[in-house]
Amino acid sequence: MLIIGIAGGTGSGKTTVVNQIAKDLSLDEICIISQDSYYKSTDSLSFDERSKINFDHPRAIDFDLLVHH
C-alpha cells in the first residue's frame, strides 16, 4: 500500500493534481479521501460566526472522523 498526501491552501490546485494522478491509475487501485469532506459542522453558527472561520486552519477539520473513516 502507498499513501500519497497532497497539501496546500484553498485554490492551490490540490484537486487538479489528484485528478491528474488518478487519471493514470485504475479506479479499483485507488481511493481518494478529500479532506474537504471533513470540515466541522457549522450548522449551529450564525452567518457572522461562519464568515470568521478560517477553513485553511487545522481546527476547521474533524480529524477524529477522518481517521475513523
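This is a short tour of a predicted model, stop by stop.

**Before you start.** Numbering runs from 1 along each chain as its sequence is written, and side-chain values use heavy atoms, with hydrogens and water left out. Local features need pLDDT of at least 70 and side-chain atom pairs count only at pLDDT 80 or more, while totals for chains, interfaces and linings use all residues.

**Colour by confidence.** The chain averages a pLDDT (the predictor's confidence in each residue, from 0 to 100) of 91. Of the residues, 100% score at least 70. Now select helix H2, residues 47-51: confidence is highest there, at 95. H1 is the lowest, at a mean of 92. Helices here are DSSP runs (H or I, at least four residues), numbered from the N terminus.

**Go to the largest pocket.** Select Ile-4, Gly-5, Ile-6, Val-18 and Ile-33; of the 38 lining residues, these lie nearest the centre. Helix H1 (14-23) and helix H3 (63-68) are the elements that give two or more residues to this lining. H1 gives the most, with six. The volume is about 1,200 Å³, the space filled by probe spheres set on grid points joined across faces, edges and corners. A pocket is an open set of points on a 1 Å grid over the protein atoms alone, where a 1.4 Å probe fits, with protein on both sides within 12 Å along at least five of seven lines; lining residues have an atom within 4 Å of a point.

**Colour the lining by type.** It divides into 21 nonpolar, 13 polar and four charged residues. Asp, Glu, Lys and Arg count as charged; Ala, Val, Leu, Ile, Met, Phe, Trp, Tyr, Cys and Pro as nonpolar; the others, Gly among them, as polar.

**Finish at Val-67.** Find Val-67 in helix H3. Val-67 is exposed, with a relative accessible area of 68% (exposed means over 50%, with a 1.4 Å probe and protein chains only). Then pick Asp-43, 24 residues apart from Val-67 along the chain: their C-alpha atoms are separated by 22 Å.

Conventions
Buried means under 20% relative accessible area, exposed over 50%, partly exposed in between (1.4 Å probe, protein chains only).
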